[in-house]
Amino acid sequence: MWCQEIKHFCPRTPVILVGCQLDLRYADLEAVNRARRPLARPIKRGDILPPERGREVAKELGIPYYETSVFDQFGIKDVFDNAIRAALISRRHLQFWKSHLKKVQKPLLQAPFLPPKAPPPVIKIPECPVTSINEAGYLLDNPLCADVMFILQDHAHIFAHKIYLATSSSKFYDLFLMECEETPDLPEAQCNNKERASGNLTSRTFSLDSDDIMEVATLHPSTVSADGSNPLTRGEHEAGEAGCLKQVPTFLGKGFVSMHKEMRVNPVSKRTCAVTVVRVDASIQPGPFKTVLQFLYTGQLDENEKDLTRVAQIAEVLEVFDLRMMVENITNKEAFMNQEITKAFHVRKANRIKECLSKETFSDVTFKLEDGNINAHKPLLICSCEWMSAMFGGSFVESSSSEVVLPNINKASMQAVLDYLYTKQLSPSQELDTLELIALANRFCLPHLVALAELQSVQELNKTAMSGISIDGDVLCYLEIAQFHNANQLAAWCLHYICTNYNSVCSKFRKEIKTKSPDNQEYFERHRWPPVWYLKEEDHFQRVKKEREKEDIALNKHHSKRKWCFWNSPAVVI
């Protein structure tokens, strides 16, 4: 320090002590160090001196002390103004006859700097996962949980999923809906269409070349015994299923020959399960038909497809008009127009999927919850959630069961999760508890849904606070649950709220604050607003300010007495 040299060589030169870079007390030191030069020594928290340390040094030297921050534009004018005052006061001893120097005040006190409130953290929503299209195409090639099988030309078997086909094509929707309506003895989890409104479906033809309607024999009521049991033996019944298909009357569309229920072995899981067997007209070849199914799953068509003509013919027969338009665009070398067709296709498909979820159409699994049941679709869950894919595609019990028990989960939260998995959107609901949704989304490993729930929680808290209701207790509760369920953005928002309203929260919930984890308490002490050093500086400033006011009052009284005595004193004759 150069103070001794200055006093030795310039004894009459006024000196003031200035503390610089005041903003480092509340700045993010990691960000500051990243912005510095690579070879610069990093700034540590211990390198920053508190205000009282600067005052102690100034008191030892007998000089005034000021703090500045160029970043915040604080204290710069105070330093220059008081430096000028100190210089004029020192000159007053040499030029005491100048009246304007008598009015110069001694260096003034500096009010402490109150750091600005840190802005609340912004809830960032990560990009929505876009792997569902690829997963859907993979699910067609590896038909896990398949519930329909197509037989082409008596030798090619293609497994598929009703929910994907029904939501992509009205032809398949009508076909599978007729099957559910015509087989009321099936388990409820197989069709689940008690509350569906089915229109008057017109009869359709059976082949590509014929418009004649096939007549199917039905069971006469007289074949049922008085006690309601069927007199046919089990072997005769199975033979009727696999052979003549004389269960119920059906009206199939053009391109389909027959349809019936049958027990088949899944090629992926190797488990025997009931599937709908659909025999396709012999004129439809397996390769182009597989391409049509690929489009119904993914909404995309490869431009390098070889047999586009047959694909267009099958699309015409199955009433897949989007695919037919895409083939025409490729043929006319206008494939760039297919992107808009694909977008419109996915929008319509998402709406149909949401409708199937609400009406529980074509569902194949039932979730038994704490307050009710919800039906869903395994193929859609497998493609949308890795947790569901592991449960239904692995060696767990749930993979071969149509019922899944999920204890301690309410229906509203599970419904919100299913809506998200089907549509990638979070639908607001008054019955939905966002904290329970965050816990469930974290359990199902859905970070995008966790972020959406965090954003909705913050919006609800802000709305409550704007209405004049205190949310201090709610924020403390949210903090603990958010940290436990990896809702890091919500936890950061709660920490910011508690720190910026620390005095209010601590006065109401002192015990709850003390029960928080040591890390949280350390965070509160470091980031609380106003900070501790400011409160100490404010107390010191008010105390010194009162002392100076008392001194000024006493000095004014003394000067007033001297003036009165001088005015009334007799003249002195020298």
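Predicted model: local features only at pLDDT ≥ 70, side-chain atom pairs only at ≥ 80, totals over all residues.
Angles over 145 degrees between two helix axes, taken between their N-to-C directions, count as roughly antiparallel. The protein chain has 25 helices and nine strands. Of its 574 residues, 40% count as buried.

**Exercise 1**

Determine how H14 and H17 are oriented to each other, and describe their contact.

Solution. 

Step 1. Two packed helices are described by the angle between their axes and the distance between the axes.

Step 2. The axes of H14 and helix H17 (residues 411-423) cross at roughly 155° and come within 9 Å.

Step 3. An angle of roughly 155° falls in the class over 145 degrees, and H14 and H17 are therefore roughly antiparallel to each other.

Step 4. H14 passes H17 in a right-handed crossing.

Step 5. On the H14 side, the contact is made by Ala-350, Ile-353, Lys-354 and Leu-357. H17 contributes Gln-415, Leu-418, Asp-419, Tyr-422 and Thr-423.

Step 6. Sorted by class, the contact of H14 with H17 has five nonpolar, two polar and two charged residues.

**Exercise 2**

Classify the angle between H17 and H18, and list the residues through which they touch.

Solution. 

Step 1. Helix H18 spans residues 434-443, and the axes of H17 and H18 come within 9 Å.

Step 2. The two axes cross at roughly 55°. Angles under 35 degrees would be roughly parallel, and 65 to 115 roughly perpendicular.

Step 3. The crossing of H17 and H18 is right-handed.

Step 4. Ser-413, Met-414, Ala-416 and Val-417 of H17 meet Glu-436, Leu-437 and Leu-440 of H18.

Step 5. The classes in the contact of H17 with H18 are five nonpolar, one polar and one charged.

**Exercise 3**

Work out the arrangement of H19 and H20 and the make-up of their contact.

Solution. 

Step 1. Helix H19 covers residues 447-466 and helix H20 covers residues 472-484. Their axes come within 11 Å and cross at roughly 165°.

Step 2. That angle makes H19 roughly antiparallel to H20.

Step 3. The crossing in which H19 passes H20 is left-handed.

Step 4. Ser-457, Glu-460 and Leu-461 of H19 make the contact with Asp-474, Val-475 and Tyr-478 of H20.

Step 5. Three nonpolar, one polar and two charged residues form the contact of H19 with H20.

**Exercise 4**

Decide for Thr-298, Glu-537, Glu-360 and Lys-306 whether each is buried, partly exposed or exposed.

Solution. 

Step 1. Buried means under 20% relative accessible area and exposed over 50%, with partly exposed in between.

Step 2. Thr-298 is found in helix H11 (residues 286-298). Its relative accessible area is 6%, so Thr-298 is buried. A polar atom of the Thr-298 side chain lies 3.4 Å from the backbone nitrogen of Gln-300.

Step 3. Glu-537 is in helix H25. Glu-537 counts as buried because its relative accessibility is 13%. Not counting residues up to four places away in sequence, Glu-537 touches Pro-51, Glu-52, Arg-55 and Pro-112.

Step 4. Glu-360 sits in the loop between helix H14 (338-359) and strand S7 (365-369). With a relative accessible area of 27%, Glu-360 is partly exposed.

Step 5. Lys-306 belongs to the loop between H11 and helix H12 (308-317). At 82% relative accessibility, Lys-306 counts as exposed. The C-alpha atoms of Lys-306 and Pro-288 are separated by 9.2 Å, and the two residues are 18 residues apart along the chain.

**Exercise 5**

Solution.

Key. Residues numbered from 1 in each chain as written. Heavy atoms only, no water. Helix = DSSP H or I, 4+ residues; strand = E, 2+ residues; numbered from the N terminus. Buried < 20%, exposed > 50% of the residue type's maximum accessible area, 1.4 Å probe, protein only. Polar contact = N/O pair within 3.5 Å; in protein donor to acceptor, adjacent residues only side chain to side chain. Axes fitted to C-alpha atoms, helices over the stretch in contact; angles between N-to-C directions. Left-handed = near helix turned anticlockwise from the far one by under 90°. Contact = heavy atoms within 4.5 Å. Nonpolar A, V, L, I, M, F, W, Y, C, P; charged D, E, K, R; others polar.
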